[in-house]
Amino acid sequence: MVMVMASMLSLSCSRFQSPCISCYNPIPSRRLTLFQLVTATIGIQQTQSQFFGAKGSEIFQASEANVASVKDQNLFNWVQNDSRRFLHVVYHVGDLDKTIKFYTECLGMKLLRKRDIPEEKYSNAFLGYGPEDSNFTAELTYSYGVDHYNIGTGFGHFGVVVEDVAKTVDLIKMKRGKITKEPGSVKGDNTIIALAEDPDGYEFELLERGPTPEPLCQVMLRVGDLDRAIAFYEKALGMQLLHKRDNPEYKYTAATMGYGPEDKNTVLELKYNYGVTNYDKGNGYVQIAIGTNDVYKTAEAIKLSGGKVVREPGPLPGINTKITVCLDPDGWKWVWPLNLFAYMRFLLCALGL
């Protein structure tokens with residue numbers, strides 16, 4: 001191999017009428033040395049097909065492709081091991097105080113924080129069943145003067161675990177809330193559920209289950225190609241396919257995906273209705289935020305998986321963090337803030353503290 005490389009370097013030197021590095025004055029200028037390195041490299045590339053033939057050139061190209069493939073696989077392996085969790089879901093409401101009242105009094109959520117940003121003409125509030133650094137939360141956004149939003153047909157529902165569905169339904173009725181499905185079991189499942197609507201028409205599926213650390217347990221979105229969506233969320237977002245079920249009687253197939261078992265974590269339910277490939281997303285539902293340890297690698301994996309990055313990774317002005325924003329193949333938006341809590345733990349471990 002050394003003799004081959006020597007011959008190739010020799011050929012490159014004679015071709016460009018320039019001596020190779022080993023033949024040159026022992027104290028060359030930096031510029032000339034760099035020129036010699038470049039010409040020697042070009043000579044090697046041009047000599048590949050002459051010295052080894054066309055198949056030899058193909059071997060070099062295949063080797064480069066293999067290197068790229070290994071790099072991509074390493075990136076997707078990193079995605080699988082990244083510290084990810086659902087942080088919050090963002091959507092618009094027409095009356096912030098009225099919605100807060102419904103969530104706290106009827107669904108048992110807690111108001112975690114509320115803020116008004118008059119210079120940008122909006123207010124928002126974070127609600128959930130535990131602290132933001134450990135639980136999934138709902139970020140409600142009210143834009144000044146806008147009291148109604150179109151939810152569209154693509155958004156499905158939020159799932160909330162309650163101790164007693166019947167009692168929760170009675171409470172919602174007493175508070176003049178709207179029940180769209182009375183309590184009952186799901187076909188093929190013993191779980192008791194009911195459906196309720198909040199003041200803006202967002203649907204909540206009430207599920208009767210045992211105690212869980214994450215009562216705000218589910219977000220359901222409709223997709224036009226379920227297999228494509230599953231592949232994207234597994235590869236680019238690092239989620240696991242927890243289960244998949246087909247319901248030909250009602251002409252739909254659903255898949256549940258997430259970062260851990262659904263009795264302890266928030267999950268994403270993707271629903272495909274037979275023959276429907278596009279949905280109206282409206283202007284009410286906005287996005288879900290997921291924490292990551294590296295927004296740059298996250299954006300790269302999304303691009304390689306067929307997603308679209310609509311905000312390149314980088315610092316967020318005015319806030320001490322970095323984010324990237326992407327769209328999945330169906331156009332659903334996902335925001336990736338740097339997972340500060342996980343990142344701090346990583347730094348502490350790295351420092352041995």
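Mentor: A residue counts as buried when its relative accessible area is under 20%, as exposed when the value is over 50%, and as partly exposed in between. Please keep in mind that the model before us is predicted.

Trainee: How is E105 to be classed on that scale, as buried, exposed or partly exposed?

Mentor: E105 has a relative accessibility of 32%, so it is partly exposed. K101, with a relative accessible area of 47%, is partly exposed too.

Trainee: What joins the side chains of K101 and E105?

Mentor: They form a salt bridge, with an N to O distance of 2.9 Å. Such a bridge requires a side-chain nitrogen of Lys or Arg within 4 Å of a carboxyl oxygen of Asp or Glu. K101 and E105 both belong to helix 4 and are 4 residues apart, so about one helical turn separates them.

Trainee: How does one describe two helices that pack together?

Mentor: Two packed helices are described by the angle between their axes and by the distance between those axes. In this structure, helix 4 (residues 96-106) and helix 5 (residues 165-174) have axes that come within 10 Å and cross at roughly 145°. The crossing of helix 4 and helix 5 is right-handed.

Trainee: Which residues make the contact?

Mentor: Helix 4 contributes F102, E105 and C106, while helix 5 contributes T168, L171 and I172. Sorted by class, the contact holds 4 nonpolar residues, 1 polar and 1 charged.

Trainee: How many salt bridges does the structure contain?

Mentor: The count comes to 12 salt bridges. One of them pairs R228 with D330, at 3.3 Å from N to O. R228 lies in helix 6 (residues 226-235) and D330 in the loop between strand 15 (322-327) and strand 16 (333-337), so this bridge ties together parts that are 102 residues apart in sequence.

Trainee: Is D330 buried or exposed?

Mentor: D330 is buried, because its relative accessible area is 14%, below the 20% limit. R228, by contrast, is partly exposed at 38%.

Trainee: Where do E262 and R209 lie in the chain?

Mentor: Their side chains meet in a salt bridge of 3.8 Å, N to O. E262 sits in the loop between strand 11 (252-258) and strand 12 (267-273), and R209 in the loop between strand 8 (203-208) and strand 9 (216-222), so that distant parts of the chain, 53 residues apart, are linked. E262 is partly exposed at 23% relative accessibility, and R209 is partly exposed at 28%.

Key: Residues numbered from 1 in each chain as written. Predicted model: local features only at pLDDT ≥ 70, side-chain atom pairs only at ≥ 80, totals over all residues. Heavy atoms only, no water. Axes fitted to C-alpha atoms, helices over the stretch in contact; angles between N-to-C directions. Helix = DSSP H or I, 4+ residues; strand = E, 2+ residues; numbered from the N terminus. Left-handed = near helix turned anticlockwise from the far one by under 90°. Contact = heavy atoms within 4.5 Å. Nonpolar A, V, L, I, M, F, W, Y, C, P; charged D, E, K, R; others polar. Buried < 20%, exposed > 50% of the residue type's maximum accessible area, 1.4 Å probe, protein only.
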